[in-house]
Amino acid sequence: MNNGLDDVVATETVMSDVDGLAGRLIIRGHSLDDLAGRHSYEEVVALLLAGFFEDLPAERDLAARLGSARAEVFEALVPASTRLGHPTVTEALRAAMAPLADGEDLATALRLIAAPAVLVPALIRQRRGQPPVAPDAGAGHAADILRMRHDRMAAPEAAAALDTYLVTVSDHGLNASTFTARVVASTHAGLVSASLAALSALKGPLHGGAPGPVLDMLDGIGAPEQAEAWLEASLDKGERLMGFGHRVYRVRDPRAEALKRSVRALVAGGEQTEGRLALAEAVEAAATRILARRKPDRPLQINVEFYTALLLEALGFPRESFTGVFAMGRLAGWIGHAREQTLYGRLIRPQSRYVGPRPEQAA
Ligand SMILES: CC(=O)SCCNC(=O)CCNC(=O)[C@H](O)C(C)(C)COP(=O)(O)OP(=O)(O)OC[C@H]1O[C@@H](n2cnc3c(N)ncnc32)[C@H](O)[C@@H]1OP(=O)(O)O
Ligand SMILES: O=C([O-])CC(=O)C(=O)O
C-alpha cells in the first residue's frame, strides 16, 4: 500500500500553492519571484499571518513587535538554553523552545517566530565557547540574526541573502512539517505544540534535514572531475542524493534559482568561494544527467536544499544548525497554517485499514 498520501488533497488553504509541473510557487497570492529579494521577511510574516489574528498590526509595527519578541526570547530562554547538551543545535533548539507557554494569540506567534532567530545563534556560539549576543530590537530581522551569530554588523549582501532565504522557505503547501503542524493544531493544542511537532518533522533528512548532508556530499566529491564517479558509486550503493528529488516538483524547484542568485552575490562579496559554487554546479549537472539516465520515468532535479547548503555555509552557520535556520523561515508558514486549521478546520482524524490478524483467526 502506498501510504505517502501522494495525491490526497487533505485541506483547502489560502496560504500557498505548489505547482509541481509548471515549477511555480504562489505564497498568499504572490509568485515567489515577486517576494524573494523584493520583500523583507517581516513583510512576508505580515502577509502569511494576515486574517489569522484580530490584533495583527500594520507591517512596520509588526516588524517592531518582532524585534521586541527577539529581546523577550533572549531574556527568557537563552540563559537556560546554553546549558543544553543535545547532540545537534536543532535538537537543542527544540528543547530550548519547549518552555514557551502555549497559546493561540499573536504574542505567542511572534515569540515562536523570534525563538529560533535568537536561540540558534546563541546555541552555535555556546558550542564554541563564545558568549551569546543580545538582539537589537530595532534592527532588521535577518541582519540581527547574523549580528547575534557573529557579534558584528553583517555585510549588506549577507543580510540580503539571509532575508531572501527566510522568505523563500517561508511556506510551501502541505509539506510534511506543515501537515504535522495542522494535525496538532486541529486538536486545539496551541501554536507552541504545533510548531514543536512541526520542527520535529522538519529535522528528518528526507525533509528539512537535507542541506547538511548536501555539504557532506560536496566534501566527499571534492572536485568537479570526481563528481560523476562519486555519484555513480553512491547510487550503486542504493543511496539517495541529498538535495535532489521532490514529492511534488517534476521540474527544477523554482526556489533553487532564487537561492543560487543569492549565493552568487555572496561569492561576489567574498563570503562564499567561486570554487565551492563551481563544484556545486558540476555536481548538479552530473547528478541531473545520471538520475535522468537511471530513472527515466521519474524526473529528479535539485530541490530547495541544494543551494540552501551553500548559502547557509557562506553565512557562517554550521551544517548541524541548518534545520534550525530553516525553521526561522518556516515558522511563519506553520503558524499561518495552524491558525487556519484552528479557525476554519476540524479535528484531523483519517481512517486506516486493518490488515493484521483477527482474534477469530488466531489458533
Ligand atoms: C524542504 C524539503 O523537504 S525538499 C526535500 C529534501 N530531501 C532530500 O533532498 C532527500 C533526497 N530526496 C528524497 O529522498 C526524495 O526525493 C523525497 C523524499 C524528497 C521525495 O520522495 P518521494 O516523492 O517519496 O519519492 P520516492 O521515494 O517514491 O522515489 C521515487 C523514485 O525516485 C528515486 N529517488 C527519489 N529521490 C531520489 C534521490 N534524491 N536520489 C536518488 N534516487 C531518488 C527513489 O529511489 C525511487 O526510485 P524507485 O521507484 O526505483 O524505487
Ligand atoms: O513541499 C515539500 O514536500 C517539501 C518542501 O520542499 C518544503 O517543505 O519546502
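Buried residues make up 49% of the 363 residues in the chain, where a residue is called buried if 20 or more other C-beta atoms lie within 10 Å of its own, exposed if 12 or fewer do, and partly exposed in between, with C-beta atoms placed from the backbone. Please keep in mind that this is a predicted model, in which local features need pLDDT of at least 70 and side-chain atom pairs count only at pLDDT 80 or more, while totals for chains, interfaces and linings use all residues. As for naming, residues are numbered from 1 along each chain as its sequence is written, and chains are lettered from A and ligands numbered from 1 in the order in which they are written.

Let me begin with the overall form. The chain has 15 helices and 3 strands; these are DSSP runs numbered from the N terminus, helices being H or I with at least four residues and strands E with at least two. A compact globule with 363 residues would have a radius of gyration near 21 Å, and the chain agrees, because its value is 21 Å; the radius is taken over C-alpha atoms, and the globule rule is 2.2 Å times the number of residues to the power 0.38. Along its principal axes, the C-alpha trace spans about 65 × 50 × 40 Å.

The strands form an open, antiparallel sheet in the order S1-S2-S3, and two strands are said to pair if DSSP finds at least two bridges between them. At the edges stand S1 (16-19) and S3 (30-31), each of which pairs on one side only. S1 is joined to S2 (residues 24-27) by 4 bridges, and Asp 19 stands opposite Arg 24 in S2.

Why is helix H4 (residues 89-97) described as largely enclosed by the rest of the structure? The reason is that 7 of its 9 residues are buried, and these pack against H3 (59-81), H5, H9 (191-202) and H15 (322-344). In helix H14 (residues 304-314), 11 of 11 residues are buried, and what covers them includes H7 (156-168), H10 (211-221), H12 (254-268), H13 (274-294) and H15. H14 is followed by Gly 316, whose phi is positive, near 85 degrees.

By contrast, let us look at a loop. Pro 131 lies between H5 (106-127) and H6 (141-150), and it counts as exposed because it has 10 C-beta neighbours inside 10 Å.

Finally, the ligands. Ligand 1 is surrounded by 19 residues, the closest being Ala 210, Arg 240, Phe 244, Gly 245 and Arg 247, where a residue is near a molecule if its C-beta atom, placed from the backbone, lies within 6 Å of it. That shell divides into 7 nonpolar, 7 polar and 5 charged residues; Ala, Val, Leu, Ile, Met, Phe, Trp, Tyr, Cys and Pro count as nonpolar, Asp, Glu, Lys and Arg as charged, and the others, Gly among them, as polar. Around ligand 2 are residues including His 172, Asn 175, His 246 and Arg 247, and its shell holds 3 nonpolar, 5 polar and 1 charged.

How values were computed. Two residues are in contact if their C-beta atoms, placed from the backbone, lie within 7 Å.
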